[in-house]
Amino acid sequence: KKIIGFIGIKDNTLNQLCTNIEYRKKGIATKILEIAKKMLKGNLILYIDKHKDSTEYLLHFYDNKGFKILEENNVEYKMIYKN
């Protein structure tokens, strides 16, 4: 009865994928993302800010989940999961 994670998606663009800090590194974000990928029709897009401490971690995380860099600029990476 406790929310431990959620995902925010609009028009097949992933805006947020969050898990409660107490439950991180337990596969919850991976499970949420896998369910979303199965439910959505079409490709899934996300953006990663290049200037955050977590940038390298997020690039690695999403790459392991099948996302690939589609393009980048000075500010962000645009990644895609082809469904």
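How many helices and strands are there in the protein? This predicted model contains two helices and five strands. Along the sequence they follow the pattern β-β-α-β-α-β-β. The radius of gyration is 13 Å, close to the 12 Å that the globule rule gives for 83 residues, so the protein is as compact as a globular protein of that length.

**Overall dimensions and surface**

- Taken along the principal axes, the box filled by the C-alpha atoms is roughly 40 × 30 × 20 Å.
- The protein has an accessible surface of about 6,100 Å², and carbon and sulfur atoms account for 51% of that area.
- Of the 83 residues, 33% count as buried.
- Among contacts with a separation of 6 or more, 52% are between residues 24 or more positions apart.

**The sheet**

- The five strands form an open sheet with mixed pairing, in the order β1-β2-β3-β5-β4.
- β1 (5-10) and β4 (68-72) are at the edges and have a single partner strand each, so one side of each is left without a neighbour in the sheet.
- From one strand to the next, the twist averages 35°.
- The pairing of β4 with β5 (residues 76-81) is antiparallel and runs over four bridges.
- E72 has Y77, in β5, as its bridge partner.

**Helix packing**

**The nonpolar core**

- In soluble globular proteins, nonpolar side chains tend to be buried together.
- The largest nonpolar core here has 16 residues, and the members that touch the most others are L17, L33, Y62 and F67.
- Two or more residues of this core come from each of β2, α1 (28-39), β3, α2 and β5.
- The element that gives the most to this core is α1, with four residues.
- Y62, one of the core residues that touch the most other members, is in contact with L14, L17, L33, L46, I48, F67 and M79, leaving aside its neighbours within four places in sequence.

Notes:
Residues numbered from 1 in each chain as written. Predicted model: local features only at pLDDT ≥ 70, side-chain atom pairs only at ≥ 80, totals over all residues. Heavy atoms only, no water. Pairing = 2+ DSSP bridges. Axes fitted to C-alpha atoms, helices over the stretch in contact; angles between N-to-C directions. Rg over C-alpha atoms; globule rule 2.2 N^0.38 Å. Buried < 20%, exposed > 50% of the residue type's maximum accessible area, 1.4 Å probe, protein only. Contact = heavy atoms within 4.5 Å. Areas by Shrake-Rupley, 256 points an atom, 1.4 Å probe, with all protein chains shown as cover. Core = buried A, V, L, I, M, F, W, Y, C linked by side-chain atoms within 4.5 Å.
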